[in-house]
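Hello,

Here is the structure I promised to pass on. Please open it first, then read my notes below.

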Amino acid sequence: MIRFDDVVKQFGDHVVLDHLDFQVARGDRVTLIGPSGSGKTTILRLLMTLEKVNDGVIWVDGTPLTHEEKGSKLVPASEKYVRRIRRRIGMVFQQFNLFPNMNVIENITEAPIHVLGLDKAVAVQRARELLETVGLSDKETAHPTQLSGGQQQRVAIARALAMDPDILLLDEVTSALDPELVADVLDVLRNVARTTDITMLIVTHEMQFARDVSNRVMMFDAGRIVEEGDPATIFTAPKNERTKTFLKAVL
Ligand code: ADP
């Protein structure tokens, strides 16, 4: 579903991803762990096309995301092409990023109506179902400022799901929340993992959540994967010294 092929990303002289290769199968739930600055968020932002690669190719379901196929050649992708592929990917951010001038139902239906071209009544019906899933049916007409952080984040999850994505990217979605609001958000995501086959890439410090939902963990250090495996093995019997040190600090 996702393939990073020799991907290099740098900011100025700082190489953040250093010839990175990895693949994620359809339906995989992969948690990315590793120290701050190791490149985890950059991977999600590249997939969301919020950043551009310096070198290498990213593939989504057999189609290049960063490039277009012209005959047998790959050429840098046009904006229009990227927008089409990116529709299949949803992202939930640490800071929720809801549209502040729109109420809850408008936040959720904006992209389905204007990007997918769904009929408004159909989009609203689907949004209502999603609001029920995230436990916010009574907040349809609320504005983001009237909601707690946890509620805003659950709206953001519903908004991402409304696009019916093949891939869901979760970037530290509970890091900005007061501790008592974290559990509800994680419960919603556990439910999404249980009831859909969406491929998920998760950056989180919530290690119990990572163990519950992911089938694979990749440990990053300085833009490279230093160890990967199933959560039970990585969390209980890590082999790499850096993984051991990292897990000692966070568990
Ligand atoms: P992580 O998610 O593992 O904490 P990031 O992917 O956020 O790591 O960042 C990796 C490195 O890239 C960090 O050193 C960070 O400072 C740098 N970085 C990220 N975004 C930018 C940017 N827009 N400009 C310059 N440096 C950046």
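**What I found**

The largest nonpolar core has 63 residues. Those with the most contacts inside this core are L32, I157, A158, L169 and L170. Helix α5, residues 149–161, supplies the largest share of the core, at six residues. In general, nonpolar side chains in soluble globular proteins tend to be buried together. Please keep in mind that this is a predicted model.

Setting aside neighbours within four places in sequence, A158 is in contact with I108, A127, L130, L131 and V134.

**The overall picture**

The protein has nine helices and 12 strands. Its radius of gyration is 18 Å, close to the 18 Å that the globule rule gives for 251 residues, so the protein is as compact as a globular protein of that length. Along the principal axes, the C-alpha atoms fill a box of roughly 50 × 50 × 35 Å. Of the 251 residues, 37% count as buried.

Contacts also reach across the sequence. Take those in the protein with a separation of 6 or more: residues 24 or more positions apart account for 63% of them.

**The ligand**

Which residues surround the ligand? They are F11, V16, G34, S36, G37, S38, G39, K40, T41 and T42. By class, this shell has two nonpolar, seven polar and one charged residues. Helix α1, residues 40–47, gives the most to the shell, with three residues.

**Helix α1**

Is α1 mostly covered or mostly open? It is mostly covered, with seven of its eight residues buried. The buried ones are K40, T41, T42, I43, L44, L46 and L47. Among them, K40, T41 and T42 are also part of the shell around the ligand. Just after α1 comes T49, which takes a positive phi of about 55°.

**The record**

UniProt, in an unreviewed entry, places the feature "domain: ABC transporter" at residues 2–247. In the model, the chain over residues 2–247 is 37% helix and 28% strand. The end C-alpha atoms of that stretch are 26 Å apart.

One is A158, with its contacts to residues including I108 and V134. The other is α1, which gives three residues to the shell around the ligand.

Best wishes

Key:
Residues are numbered from 1 along each chain as its sequence is written. This is a predicted model: local features need pLDDT of at least 70, side-chain atom pairs count only at pLDDT 80 or more; totals for chains, interfaces and linings use all residues. Helices (H or I, at least four residues) and strands (E, at least two) are DSSP runs, numbered from the N terminus. The radius of gyration is taken over C-alpha atoms; the globule rule is 2.2 Å times the number of residues to the power 0.38. A residue is buried if 20 or more other C-beta atoms lie within 10 Å of its own, exposed if 12 or fewer, and partly exposed in between; C-beta atoms are placed from the backbone. Two residues are in contact if their C-beta atoms, placed from the backbone, lie within 7 Å. A nonpolar core is a set of buried Ala, Val, Leu, Ile, Met, Phe, Trp, Tyr and Cys residues joined through C-beta atoms within 7 Å. A residue is near a molecule or strand if its C-beta atom, placed from the backbone, lies within 6 Å of it. Ala, Val, Leu, Ile, Met, Phe, Trp, Tyr, Cys and Pro count as nonpolar, Asp, Glu, Lys and Arg as charged, and the others, Gly among them, as polar. UniProt positions are given in the numbering used here, feature names are shortened, and annotations may be inferred rather than shown by experiment.
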